[in-house]
Amino acid sequence: MRPSSLAVVALAISLLSGFTPSEAFVQTSPSTQSRAWGVSAGWSHAGDPTVTFASTEEAANWAATGNAQPPAPAAPAVPAPAAPAVPAPAAPAVPAPTSFREAEVLGLRYMQEGDYERALNAFQRGMKLPGSRVDVVRTKMLSGPSPVGGSAGGTEGRVEMKLDEFELQAAHYNIACAYAKLGNVAESVANIQMSFDNGFDNYATVRADPDLSAVHGTAEFNNLMDRYDKKKGFPNPFSFLG
């Protein structure tokens, strides 16, 4: 480009941008690198050498838009601080059962949840807790004569709450179910027998209970049922009555 043409372009740019002649654009070395826009320099603003352009057309377009300054570089994205990890609230502590009934309810809840180890522990613990049968335990007095005479001394008693026969039936039956769920056939069958020995005789329930499905059909279970369920296989002579 001839110098006269350069002057015309510079004057046109200055008029379009509203710059004074001292702010006109001047040509720079093509090797100069733009520090503001990252383009190969060809034209720069005389008042701000950091504003560079690749061509006169680019400089003219920039001036025509009324830009007095190059666009400010975008601020680097600052990631929002991560929210602090909030630990999940701990499950409320399960109060320890204080009676057979409380332990039984707790064990049945664990069975429903599929936590058979805890269910078994609850059922076994319940057998050591107070039941509903009142029992008076008498012990020999350590000193003093008998209040009714005699030199051996008298006795004193204390009341204890033991498991009644129905609680014993339920306890062993529930333990049998928990053992069956855990795959322990021998202990399951042994507790079914103890339930029978304490008076439980609902053999149809034992044969159909899904909690005992792991022992159904085993030799131990079949032998037990053969011994206790004497009526199995005999027709009911009164079935025609409905």
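Leaving aside neighbours within four places in sequence, Ser-195 is in contact with Gln-169, His-172, Tyr-173 and Phe-200, where contact means heavy atoms within 4.5 Å. The model is predicted: local features need pLDDT of at least 70, side-chain atom pairs count only at pLDDT 80 or more, and totals for chains, interfaces and linings use all residues. Residues are numbered from 1 along each chain as its sequence is written, and side-chain values use heavy atoms, with hydrogens and water left out.

Ser-195 sits in helix α6. Helices (H or I, at least four residues) and strands (E, at least two) are DSSP runs, numbered from the N terminus. With a relative accessible area of 0%, Ser-195 is buried. Buried means under 20% relative accessible area, exposed over 50%, and partly exposed in between, with a 1.4 Å probe and protein chains only. Ala-176 is 19 residues from Ser-195 in sequence. Their C-alpha atoms are 8.9 Å apart in space.

The overall layout comes next. The protein has eight helices and five strands. Along the sequence, their order is α-β-β-β-α-α-α-β-β-α-α-α-α. The protein has 242 residues, of which 30% are buried. Among contacts between residues at least 6 apart in sequence, 48% join residues at least 24 apart.

In soluble globular proteins, nonpolar side chains tend to be buried together. A nonpolar core is a set of buried Ala, Val, Leu, Ile, Met, Phe, Trp, Tyr and Cys residues joined through side-chain atoms within 4.5 Å. The largest such core here holds 26 residues. Ile-192, Phe-196, Val-206, Leu-212, Val-215 and Phe-221 touch the most other members. At least two residues of this core come from each of α3 (100–113), α4 (116–126), α5 (165–181), α6 (185–197), α7 (203–208) and α8 (219–228). The most is given by α5, with seven residues. Leu-212 is in contact with Tyr-173, Ala-176, Cys-177, Ala-180, Ser-188, Ile-192 and Val-206, leaving aside its neighbours within four places in sequence.

Helices α5 and α6 form one of the helix pairs. Their axes come within 8 Å and cross at roughly 165 degrees. Axes are lines fitted to C-alpha atoms, for helices over the stretch in contact, and angles run from 0 to 180 degrees between N-to-C directions. The two helices are therefore roughly antiparallel. Angles under 35 degrees count as roughly parallel, over 145 as roughly antiparallel, 65 to 115 as roughly perpendicular and the rest as oblique. The crossing of α5 and α6 is left-handed. A crossing is left-handed if the near helix is turned anticlockwise from the far one by less than a right angle, and right-handed if clockwise. From α5, the contact uses Gln-169, His-172, Tyr-173, Ile-175, Ala-176, Tyr-179 and Ala-180. From α6 come Glu-187, Ser-188, Asn-191, Ile-192, Met-194 and Ser-195. By class, seven of these residues are nonpolar, five polar and one charged. Ala, Val, Leu, Ile, Met, Phe, Trp, Tyr, Cys and Pro count as nonpolar, Asp, Glu, Lys and Arg as charged, and the others, Gly among them, as polar.

Helix α6 also packs with α8, at an angle of about 10 degrees and with axes 10 Å apart. These helices are therefore roughly parallel to each other. The crossing of α6 and α8 is right-handed. Val-185, Val-189, Ile-192, Gln-193, Phe-196 and Asp-197 of α6 meet Glu-220, Phe-221, Leu-224, Met-225, Arg-227 and Tyr-228 of α8. This contact has eight nonpolar residues, one polar and three charged.

Helices α3 and α4 pack at about 165 degrees, with axes 8 Å apart. This makes α3 roughly antiparallel to α4. Their crossing is left-handed. In α3, the contact residues are Phe-100, Ala-103, Glu-104, Leu-106, Gly-107, Leu-108, Tyr-110 and Met-111. In α4, they are Tyr-116, Arg-118, Ala-119, Ala-122, Phe-123 and Gly-126. The contact of α3 with α4 divides into ten nonpolar, two polar and two charged residues.

Two further residues are partly exposed. Glu-117 belongs to helix α4. Its relative accessibility is 47%, so Glu-117 counts as partly exposed. Glu-117 and Leu-182 are 65 residues apart in sequence, and 7.6 Å separates their C-alpha atoms. Ser-213 lies in the loop between α7 and α8. Ser-213 is partly exposed, at 46% relative accessible area. Cys-177 is 36 residues from Ser-213 in sequence and 9.0 Å away in space, C-alpha to C-alpha.
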